[in-house]
Amino acid sequence: SHACSNMLICCSTNISYYQCCNVENACYSAGLCAERTAISKAVSEGHKSFKAIAIASDLEDRFISPCGACRQFMREFGSQWDVYMSKSDGSYKLMTVEELLPSSFGPDDLRARENH
Ligand SMILES: [Zn+2]
């Protein structure tokens with residue numbers, strides 16, 4: 001896990017900033033990444049339509065990248081929104097959720113099953 005991640009989510013209707021962090025737990029698997037904390041915080045305040053999330057960390061040598069669980073969590077809210085992955089110097093790499101999780105399984109797949 002990374003020492004510190006700060007998140008920013010921009011919703012389609014307005015720009016909202018959610019500064020979040022990893023919520024760690026002695027039982028590691030029970031902890032929650034900052035990405036999911038940020039999205040949950042936004043959803044709990046009524047936002048479901050996101051344009052972008054920015055992930056920051058203290059990594060110097062590479063861009064921070066969301067874990068698999070967070071990619072799937074993001075996918076729940078669409079695949080065509082932006083994920084900014086940064087380094088401590090402020091430089092960043094931009095990818096969409098689709099690019100981070102290609103051929104993904106999402107809410108549309110559940111609906112398709114119900115129609116069978
Ligand atoms: Zn994660």
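Of the 116 residues of the protein, 22% count as buried. The structure described here is a predicted model, and its secondary structure comprises four helices and five strands, which follow one another from the N terminus in the order β-β-α-β-α-β-β-α-α. Among the contacts with a separation of 6 or more, 56% are made by residues 24 or more positions apart in the protein.

The packing of helices was examined for helix 1 and helix 2. Two packed helices are described by the angle between their axes and the distance between the axes. The axes of helix 1, which spans residues 34-44, and helix 2, which spans residues 68-75, come within 9 Å and cross at roughly 20°. Because angles under 35 degrees count as roughly parallel, helix 1 and helix 2 are described as roughly parallel to each other, and their crossing is left-handed. On the side of helix 1 the contact involves Glu35, Arg36 and Ile39, which meet Cys70, Phe73 and Met74 of helix 2. The residues of this contact between helix 1 and helix 2 comprise four nonpolar and two charged ones, with no polar residue. Within helix 1, the buried residues include Ala34, Glu35, Arg36, Thr37, Ala38, Ile39 and Ala42, so that the three residues of helix 1 named in the contact, Glu35, Arg36 and Ile39, are found in this buried group. The segments flanking helix 1 were considered next. Gly31 is placed in the loop between strand 2, residues 15-16, and helix 1. With 14 other C-beta atoms within 10 Å, Gly31 is partly exposed, and, when residues up to four places away in sequence are not counted, Gly31 touches Asn22, Val23, Glu24 and Asn25. Just after helix 1, Gly46 adopts a positive phi of about 95°.

Strand 3, made up of residues 50-56, is mostly covered, with five of its seven residues buried. Strand 3 pairs in the parallel sense with strand 4, residues 82-86, over four bridges. Among the residues joined in this way, Ala54 has Tyr84 as its bridge partner in strand 4, while Ile55 has Met85 as its bridge partner in strand 4.

In a regular strand the side chains alternate between the two faces of the sheet.

Leu94 lies in strand 5, which covers residues 92-96, and is partly exposed, with 13 other C-beta atoms within 10 Å. Although Leu94 and Tyr84 are ten residues apart along the chain, their C-alpha atoms are separated by 4.7 Å; leaving aside neighbours within four places in sequence, Leu94 is in contact with Asp82 and Tyr84. Asp58 is situated in the loop between strand 3 and helix 2 and counts as exposed, having 11 C-beta neighbours inside 10 Å. Asp58 and Ser86 are 28 residues apart in sequence, and the distance between them in space is 9.1 Å from C-alpha to C-alpha.

Phe77 is found in the loop between helix 2 and strand 4. This residue is partly exposed, with 19 other C-beta atoms within 10 Å, because a residue counts as buried at 20 or more such atoms and as exposed at 12 or fewer. Phe77 touches Lys48 and Phe50, not counting residues up to four places away in sequence. From C-alpha to C-alpha, Phe77 and Ile39 are 9.5 Å apart in space, and they are 38 residues apart in sequence.

Towards the end of the chain, Ser103 is found in the loop between helix 3, residues 97-100, and helix 4, residues 107-114. Most residues other than glycine have a negative phi. Ser103, by contrast, has a positive phi of about 50° although it is not a glycine, and Ser103 is exposed, with 5 other C-beta atoms within 10 Å.

Conventions:
Residues are numbered from 1 along each chain as its sequence is written. This is a predicted model: local features need pLDDT of at least 70, side-chain atom pairs count only at pLDDT 80 or more; totals for chains, interfaces and linings use all residues. Helices (H or I, at least four residues) and strands (E, at least two) are DSSP runs, numbered from the N terminus. Two residues are in contact if their C-beta atoms, placed from the backbone, lie within 7 Å. Axes are lines fitted to C-alpha atoms, for helices over the stretch in contact, and angles run from 0 to 180 degrees between N-to-C directions. Angles under 35 degrees count as roughly parallel, over 145 as roughly antiparallel, 65 to 115 as roughly perpendicular and the rest as oblique. A crossing is left-handed if the near helix is turned anticlockwise from the far one by less than a right angle, and right-handed if clockwise. Ala, Val, Leu, Ile, Met, Phe, Trp, Tyr, Cys and Pro count as nonpolar, Asp, Glu, Lys and Arg as charged, and the others, Gly among them, as polar. Two strands pair if DSSP finds at least two bridges between them.
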